[in-house]
Amino acid sequence: MDPLGATISGLLDGYSSGSFSSEEAVRGFVDRVVAYNARLNALLDFDPEPALEQARAIDARRRSGEPLGPLAGVPIAIKDNICRRGEPTTCCSRMLSNYRPPFDAAVIGKLREADAILLGRLNMDEFAMGSSNETSAYGPARNPWDTDRSPGGSSGGAASAVAASLAPTALGSDTGGSIRQPAALTGTVGLKPTYGRVSRYGLVAFASSLDQIGPFGREVADVARVLSVIAGQDPRDATSVDLPVPDYLTAIESKGERPLRVGIAREFFGEGLDPEIESAVREASRIFESEGATVSKISLPNTTQAIPAYYIVAPAEASSNLARYDGTIFGHRAEDFGPKSEVEKDLPALIRMMMASRAEGFGPEVTRRIMLGTFVLSAGYADQYYVRALKVRRLIRDDYDRAFRDVDVILGPTSPVPAFKVGEKISDPLAMYLLDVYTGPANLAGIPGISLPGGLTKSGLPIGIQLQAPAFAEETLLRAARTFERATDWNTKRPTLD
Amino acid sequence: MDATATSMDYDIIIGLEIHVQLQTESKMFSGCGTEFGLPPNTQTDPVSLGLPGTLPVMNGKAFNLALKTALAFGAEVARFTKWDRKNYYYPDLPKNYQISQYDLPFSTGGGLPIPARKDGGGGGDVRLTRIHLEEDTGKMIHAAGGMSEVDLNRAGVPLLEIVTEPDLRDPADARGCLEELRLTLRYLGVSDCEMQEGSLRCDANVNLHIRTADGRTVATPIVEIKNMNSFSAVEKALHYEVERQFKDWEETGLTIEDAPKQTRGWSDAAGETKVQREKETAADYRYFPEPDLVPVEVDDAWIARLRAEIGELPMARRSRFESEYGLSAYDANVLVEQGQDVADYFDAVAREAGEAKLASNWIQQDVLREIKEKKLALADFPVGPEALSDLIKRVKRKELNTNQGREVLSRMIDTGKPADAIIAEGGYGLIGDKDELAAVVASTIEANPKALEDLAGGKKKPEAVKGWLRGQVMKQTQGKADPALVVELLEARLAELGH
């Protein structure tokens with residue numbers, strides 16, 4: 001058995017059967033990173049030693065028969081906005097280039113307890129703002145299916161790494177689709193859990209009411225395993241919810257109580273949807289029917305309002321969350337903050353220092369969203385924009401509540417287009433924002449969503465299909481995803497890099 | 001300016017904004033400690049530093065203390081309350097936003113009592129606009145050489161902001177109101193209210209409504225006074241500001257329509273307020289709901305539970321001490337103002353001994369002096385209410401006279417022993433037998449013939465001579481005689497002898 005192509009189950013089987021050790025597996029992944037990362041730019045300043053050391057320790061414990069955690073010896077790469085004690089956590093921003101948190105994120109603590117092996121940090125859009133990984137201060141990550149193309153964003157590094165088997169699994173974060181969209185563009189499985197299902201403690205905030213950490217994997221079982229480890233209430237996150245964590249792995253292989261009811265919203269098939277993706281979704285619905293599910297048409301009438309609402313709520317929260325980076329206590333501090341114009345002459349040096357530090361530290365997309373967020377919260381405009389966006393958000397939730405009275409999951413596209421070329425959309429922010437059209441609503445509603453491989457375009461690029469479920473119905477969501485996966489072989493397709 | 005003449009010409013309009021630091025072990029949104037006076041930045045944690053990735057979690061105790069305060073002042077407690085972010089840039093504000101409450105504070109309405117003044121003024125309530133919770137900011141330290149340093153020990157400390165309506169009409173009432181607030185909050189265990197340590201801070205908004213000669217009423221520009229860090233400073237600053245505003249109006253004629261609200265700082269040393277900055281435009285705080293915290297829903301059971309924890313408040317206790325125990329208003333006030341532990345102690349002693357007036361005297365004169373001298377908390381005072389009431393009962397039964405009682409108490413304090421042990425050891429006790437004492441009186445008079453001569457001769461005042469003789473009798477009995485009985489027997493014997 002080859003550890004490199006393996007899913008988490010494959011790795012765990014290999015370890016227990018003695019086919020390979022954790023150290024061998026990690027070394028295999030490290031070799032692939034060394035071989036391919038220069039082309040993919042998925043991982044940042046990669047030092048394999050700590051991971052190898054951890055692997056050796058786990059092998060020793062395994063040999064001595066010690067009990068091991070559920071992810072023992074499984075390498076997992078971590079998006080650069082999830083804090084690891086003493087390690088750089090920069091959000092791929094110049095602003096945080098020197099930040100090393102003095103604490104582990106809640107999910108990191110849980111992964112350590114589960115004996116997972118932390119394998120490097122992943123490239124991402126700066127502060128998770130972007131849909132192509134091009135806003136990263138470390139340059140874009142590349143799609144292993146075609147390195148001229150983007151792996152999507154903002155968890156582009158995670159998607160690229162898992163798709164190229166630089167790591168079997170990875171943690172990303174999803175604020176408006178940042179796990180699901182890159183999963184779709186790279187032919188991987190990406191899960192955004194219900195808001196509140198996974199602690200956000202230690203996730204550097206972009207938009208607090210939308211952010212959620214979630215896993216990438218090769219198959220549905222991978223994300224189910226990781227979710228079982230990272231889910232659960234955390235006293236350090238007031239928005240994490242006190243509900244028991246089911247064993248998702250068992251759940252996905254069990255039969256549902258009754259045939260699955262799948263809904264497809266008519267609003268999904270509007271302008272901008274790539275025809276190949278549309279037919280993949282229609283094909284998926286036929287597959288569900290052939291697996292015994294009922295498929296019905298539903299309506300999510302406010303879907304079209306989701307993008308405008310999202311691009312008000314998310315920047316509003318971001319403008320506040322990112323206000324702390326002013327060079328005073330932390331964040332990049334400008335060296336030269338002398339007055340640069342007549343207007344600046346009258347400002348106190350402190351204000352000029354903050355202005356210069358922020359101007360130097362943040363890239364253009366982050367700056368754009370801070371400006372947008374500041375504007376929509378301003379006196380005189382908040383009612384017109386922010387408050388209205390919150391009302392739309394409520395309507396979108398109501399749409400879902402109504403739809404989920406009749407169906408268990410909603411099937412649709414993940415991204416309107418397959419992987420696009422690096423540089424193709426970056427100069428057109430509005431076109432870029434439209435890439436979130438199918439994923440953003442789930443964040444506004446707080447419900448879980450998963451993207452899984454659903455086909456390949458004629459030119460050989462992955463197509464992702466998305467399933468969404470009611471809040472905290474991850475068992476149903478994963479079971480439905482597994483039903484589709486079992487009936488297809490799209491998740492076994494791999495890009496060729498050699 | 002003739003003060004009496006002008007005081008007829010305007011009303012003083014005062015409203016208060018009071019910040020109270022809640023007495024919690026940890027900060028508003030993290031487990032970080034709140035101890036005062038530690039070296040800069042030693043009382044911090046990732047959350048109160050606002051480190052990326054950290055999240056706030058509400059301190060339940062702080063919320064309960066806040067609710068208790070609102071209930072104590074008769075405020076309406078909101079059943080649904082949420083947190084908001086107030087966004088502004090300041091170096092001592094680590095996140096560059098403060099978590100506060102904006103449009104749905106946990107409490108609205110209610111009132112703070114205004115104590116009656118000696119001159120007959122005061123009384124009634126100042127209405128409360130709202131009480132809300134927020135986190136404190138850090139502190140800037142402006143060091144030498146133009147450098148500024150930031151101390152974040154206070155950042156995240158729970159603060160209660162109490163905003164009153166502009167109902168106060170006299171600087172003395174503003175002070176009285178704050179003093180009563182402090183006492184009440186101490187009774188509630190909500191805050192230690194140490195103004196010097198910044199755990200009670202007050203800003204005052206003040207202006208004048210002046211009645212002009214032509215019968216109009218004009219308002220002077222509103223001034224917000226800051227930096228007042230004692231109760232007397234509040235009163236002085238307001239007096240100063242009243243005079244300044246009146247003079248300013250006489251000189252410039254500027255009214256509230258002509259000038260924006262001004263912020264002035266009070267300097268205790270200079271005894272004056274000085275302009276801090278003009279508020280040209282209202283700051284845009286870009287408030288929005290804090291997405292990292294969940295709203296708080298308060299139900300009836302929660303309110304009932306807290307209401308039950310609120311004991312008798314100072315105002316009520318004063319009047320009960322007067323009506324139940326027949327204490328004077330002065331005595332009732334002294335006992336209540338010492339704080340809840342002293343008032344409770346008095347209650348216990350008065351009930352047990354059945355002698356409220358004596359209990360009040362003993363506590364005010366002996367107990368309080370003792371704890372003040374030894375800098376003790378009442379909880380550490382070695383003589384509990386039962387022991388003190390036992391002693392008072394003995395004095396009342398004339399087993400001891402007052403002076404002996406004082407000595408016994410002092411030894412009880414030193415040794416922690418009960419009164420009966422000390423009385424037995426020390427041979428205290430009164431000569432209760434009238435015949436025995438009459439014999440001592442007779443022999444004392446006999447032994448001092450000069451005293452009788454003095455009485456007969458009229459050279460000395462009879463009261464002085466009698467007093468001296470009484471002293472001799474007390475000496476003979478080593479203080480064990482009942483002084484009142486000695487006087488009675490002395491008078492009787494002298495009368496027998498023709499004096």
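Which residues lie nearest the centre of the second largest pocket? The legends below begin with this pocket. The model is predicted: local features need pLDDT of at least 70, side-chain atom pairs count only at pLDDT 80 or more, and totals for chains, interfaces and linings use all residues. Residues are numbered from 1 along each chain as its sequence is written, chains are lettered from A and ligands numbered from 1 in the order in which they are written, and side-chain values use heavy atoms, with hydrogens and water left out.

**Figure 1. The second largest pocket and its lining.** A:Tyr386, A:Leu390, B:Lys82, B:Pro289 and B:Glu290 lie nearest the centre, among 43 lining residues. A pocket is an open set of points on a 1 Å grid over the protein atoms alone where a 1.4 Å probe fits, with protein on both sides within 12 Å along at least five of seven lines; lining residues have an atom within 4 Å of a point. The space in this pocket is about 1,200 Å³, a volume being that filled by probe spheres set on the points, which are joined across faces, edges and corners. Helix 14 (383-403) of chain A and strand 17 (288-289) of chain B each give two or more residues to the lining, and helix 14 of chain A supplies the largest share, seven residues. Helices (H or I, at least four residues) and strands (E, at least two) are DSSP runs, numbered from the N terminus.

Figure 2. A:Lys79 belongs to strand 2 (residues 75-79) of chain A and is buried at a relative accessible area of 1%, where buried means under 20% (1.4 Å probe, protein chains only). Beyond its neighbours within four places in sequence, A:Lys79 has contacts that include A:Ser154 and A:Ser178; contact means heavy atoms within 4.5 Å. A:Ser154 sits in the loop between strand 3 (117-122) and helix 5 (156-163) of chain A, and the peptide bond to A:Ser154 from A:Gly153 is cis, with omega near 0 degrees.

**Figure 3. Positive phi at B:Cys193.** Phi of B:Cys193 is near 55 degrees, a positive value in a residue other than glycine. Most residues other than glycine have a negative phi. B:Cys193 is buried, with a relative accessible area of 0%.

Key. Buried < 20%, exposed > 50% of the residue type's maximum accessible area, 1.4 Å probe, protein only.
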